[in-house]
Amino acid sequence: MTKITLHNSKTRRKEVFEPIDPTNVRMYVCGPTVYDRAHLGNARPVVVFDVLYRLLRHVYGPDHVTYARNFTDIDDKINARAAETGRPIGDITAETTQWFLEDMGEDNLGALEPDHMPRATGYIPQMVTMIEQLITDGHAYAAEGHVLFRVRSYADYGKLSGRSVDDMIAGARVEVAPFKEDPMDFVLWKPSSDDLPGWDSPWGRGRPGWHIECSAMAHDLLGESFDIHAGGNDLMFPHHENEIAQSCCANPMGEFARYWLHNEMLQVEGKKMSKSLGNFFTVRDLLDQGVAGEVIRYVFLQTHYRKPMDWTERKARDALKELGKWHRLIGDTKAGTVPDTIAEALADDLNTPGAVGVLRHLAEAGDAAGLKAGLDLMGLRPIDEALSVQFDDDKMRALSEMEQRFAETRAAAMETKDFSEVDRMKAALVDAGVEVRMKKDGVDLVPAEGFDPEKLQTLL
């Protein structure tokens, strides 16, 4: 059996993965809050931990792995969107949940559906029960319709993020409320007004806090102790820290999660993604622009999950070219046995860049069956014929030559201030079905719908 090693955020070191029960390996990943389209950064943990799910199924068997990824469908952002649009909350969450599943699914980004996809609204009784247990054991208290977790009652609070409670208070913005015993205490339950979603509870009509939702769903589906909890590193504090505290206090005989994995954040063209910079876009934006889901996934997997990832148009274009070449190599070849070198790379703390290197070696060696098996394990598909036909070597050479000539012409025009030739070339390229994307340091020429390689050849 392939030995898997994972970097455990809780211990800050790489450890050999030893499941509690090899016949039922259990993993929980924090899912989306469903009020809008998933942006590109939201997609990274989905893809990364889908590869981990596939690896676990490969090593332990598909019937011996249980994967849960939740939907947060109770949240102030959802309430705000409903107030802003006048639409019922249930309509918003149902629509955006379906959007997420379609964008991330096998027809687009290639993620398998988890075994369980719990929605927070379906687990209110379990949350109330857990909160009642925390109050009974002195780890929580009711105050003015709220229930708060008593942070200082849990001695290991801060162990995951590596901070002391006093340091957190000094350096963090915490909600100050007169009913709190301590500034760091966090909400487990809060009152709801008549215009907000609410459920009856021992503390009055209200709704759960965000953190208790994941604890209750994970406990109900995976038990007091399970193997892996994963998510973006922006969730480490306070969300995951709070999950650990309340779960371990409510179930002192359990461990909650033994291995914690966190992916780093995503940038766009070297900058943090933000609406103010104009580089914020959703997965659907890219798909609608004609960027194949396989391309998005492949770009993601070329960077290790624990390193910041930079999305660039150049990477997307190069990924399309490479996946197209692999399509032509594989043809109708059926997958062989997964090469050990692929499984071993992924088993080394999800070293997807290493696995990509193996794929390239298999392609160079002409091992179509091995390449197909490796791609299958990583959830990648070669680009289909309609796209890959655009990318045979002769056509790509012509495009590259034209790109260089256009860049040189544009650079000369920047000096002379005469852009007539640039405009002429651009019009001819567009007529040949080529999208012209101007950049500060050059230009990208990308085949678009209606790409005509013969017309392109006449321009050279």
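**Sheet and cavities in a predicted model**

In this predicted model, β12, β11 and β13 make up an open three-stranded sheet, in that order, with mixed pairing. The edge strands, each pairing on one side only, are β12 (271–272) and β13 (309–311).

User: Why are β11 and β12 called paired?
Analyst: Two strands pair if there are at least two bridges between them. Strand β11 (residues 266–268) and β12 share two bridges in the antiparallel sense, so they count as paired. In one of the bridges, Q267 has K272 of β12 as its partner.

User: How many cavities of 30 Å³ or more are there, and what volume does the largest cavity have?
Analyst: There are two cavities of 30 Å³ or more.

User: What makes M130 a lining residue of the largest cavity?
Analyst: Lining residues have an atom within 4 Å of a cavity point. M130 is in the lining, so M130 has such an atom. The lining also includes S215, H219, S247 and C248. Helices α6 (210–222) and α7 (236–250) each give two or more residues to this lining.

User: Which residue in the lining of the largest cavity is the charged one, and how do you know?
Analyst: The lining has three nonpolar, six polar and one charged residues.

Terms used: Residues numbered from 1 in each chain as written. Predicted model: local features only at pLDDT ≥ 70, side-chain atom pairs only at ≥ 80, totals over all residues. Heavy atoms only, no water. Helix = DSSP H or I, 4+ residues; strand = E, 2+ residues; numbered from the N terminus. 1 Å grid on protein atoms, 1.4 Å probe; cavity = no way out; pocket = protein on both sides within 12 Å on 5 of 7 lines; lining within 4 Å. Points joined across faces, edges and corners; volume = space filled by probe spheres on them. Nonpolar A, V, L, I, M, F, W, Y, C, P; charged D, E, K, R; others polar.
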